[in-house]
Amino acid sequence: MLPWKRLLRPLAALVLTAAVATLPAAGTAQAATAPSSGWNDYSCKPSTAHPRPVVLVHGTLGNSVDNWLGLAPYLTSRGYCVFSLDYGQLDGVPLFHGLGPIDRSAAQLSVFVDRVLSATGAAEADVVGHSQGGMMPRYYLKFLGGAAKVNALVGIAPDNHGTNLSGLTKLLPYFPGAEDLLKATTPGLADQIVGSAFLTKLNAGGDTVPGVRYTVIASQYDEVVTPWRSQYLSGSDVHNVLLQDLCPLDLSEHLAIGLLDRIAFHEVANALDPAHATATTCASVFS
């Protein structure tokens with residue numbers, strides 16, 4: 001197959017995702033509910049050891065349950081009160097979320113954090129997000145008053161400066177109507193393309209806001225957020241981590257790092273409780 005034909009396949013898949021998302025659903029699905037025992041258990045009260053609830057923010061096409069079947073139990077077993085939300089829903093599209101305008105998704109996060117703080121009695125929360133879920137909260141922190149309510153933001157493979165999908169987004173102008181289709185039907189996808197109006201506003205004037213600790217956990221094998229170094233943030237209270245610096249044997253790509261990588265999970269735990277952090281190594285997969 002010619003190289004240009006190989007390049008067109010992922011681009012076609014991106015456009016197809018936007019088209020499929022607009023199709024009416026075959027039926028109405030009830031919202032998924034996460035297990036209790038600390039995960040979306042609103043009777044959970046933070047302990048002295050872990051005084052802040054943890055809010056998990058899923059990625060594009062994820063939801064409050066599926067994205068966190070690995071990390072949520074990992075954190076609850078360590079004594080954290082853990083909560084997760086659905087955001088960015090499109091009418092008629094069940095289960096696959098994070099497709100709506102990202103500024104509106106950030107407003108949904110704001111409401112959810114207030115609910116969690118009210119239920120737990122905590123003054124602040126910590127936020128952990130995967131992919132879009134690691135980037136979107138920055139809008140909440142910067143423009144919606146979130147900095148006063150969040151102690152730390154941990155981004156797992158976040159697209160902080162957008163993605164070019166290995167250069168494929170540069171081909172969009174060669175497909176008449178493709179970019180307009182993305183913006184009209186799945187604005188959450190369009191907002192994540194390098195150079196979008198949303199990202200320009202988000203990153204203008206600096207990546208961070210005072211009073212919040214930022215951690216970015218990236219993988220050099222990320223095939224979705226590219227180039228992977230664009231995930232990193234600049235600022236005075238930022239810790240950028242490359243997974244392969246912690247464990248050269250870790251081959252996790254964009255999905256695995258958020259869904260099941262216990263080495264990444266260990267580094268999340270370190271970011272949530274830096275005073276008791278322990279070295280993250282290949283052996284952390286057994287921790």
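1. Valine 128 sits opposite valine 154 of strand E4. Strands here, at least two residues long (E), and helices, at least four (H or I), are DSSP runs numbered from the N terminus. E3 and E4 run parallel and share six bridges. Two strands count as paired if DSSP finds at least two bridges between them.

2. A word on the source. This is a predicted model, in which local features need pLDDT of at least 70 and side-chain atom pairs count only at pLDDT 80 or more, while totals for chains, interfaces and linings use all residues. Residues are numbered from 1 along each chain as its sequence is written, and side-chain values use heavy atoms, with hydrogens and water left out.

3. E1 joins E3 through four bridges, and the two are parallel. Valine 57 stands opposite glycine 129 in E3.

4. E3 is mostly covered, with six of its six residues buried. Buried means under 20% relative accessible area, exposed means over 50%, and partly exposed lies in between (1.4 Å probe, protein chains only). Ala125, Val127 and Gly129 point one way from E3. Asp126, Val128 and His130 point the other way.

5. The overall counts come next. The protein chain has 11 helices and six strands. Of its 287 residues, 51% are buried. Among contacts between residues at least 6 apart in sequence, 76% join residues at least 24 apart. A contact means heavy atoms within 4.5 Å. The accessible surface is about 12700 Å², and carbon and sulfur atoms hold 61% of that surface. Areas come from the Shrake-Rupley method with a 1.4 Å probe; for residues, only the protein chains shown count as cover.

6. The largest nonpolar core has 32 residues, and Val55, Val57, Leu109 and Leu141 touch the most other members. Such a core is a set of buried Ala, Val, Leu, Ile, Met, Phe, Trp, Tyr and Cys residues joined through side-chain atoms within 4.5 Å. Elements that each supply at least two residues include E1 (54-57), E3 (125-130), E4 (150-156) and E5 (213-218). H3 gives the most, seven residues.

7. Leucine 109 touches Val55, Val57, Leu85, Met136, Pro137 and Tyr140, leaving aside neighbours within four places in sequence. A second, separate core holds 28 residues, including Leu71, Cys247, Ala264 and Phe265.

8. Threonine 215 lies in strand E5. Is this residue buried or exposed? Threonine 215 is buried, because its relative accessible area is 7%. Neighbours within four places aside, threonine 215 contacts Leu153, Val154, Gly155, His239 and Ala271.

9. Glycine 188 belongs to helix H7 (residues 187-190). Its relative accessible area is 0%, so glycine 188 is buried. Beyond four places in sequence, glycine 188 touches Gly98, Leu99, Gly100, Pro101 and Ile102.

10. Finally, the surface. Leu61, Leu95 and Phe96 make a nonpolar patch of about 270 Å². Patch residues have over 30% relative accessible area and no salt bridge; like charges are joined within 9 Å, and nonpolar side chains (Val, Leu, Ile, Met, Phe, Trp, Tyr) within 5 Å. A salt bridge is a side-chain nitrogen of Lys or Arg within 4 Å of a carboxyl oxygen of Asp or Glu. Leucine 95 is in the loop between strand E2 (82-85) and helix H3 (102-120). Leucine 95 counts as partly exposed because its relative accessibility is 41%.
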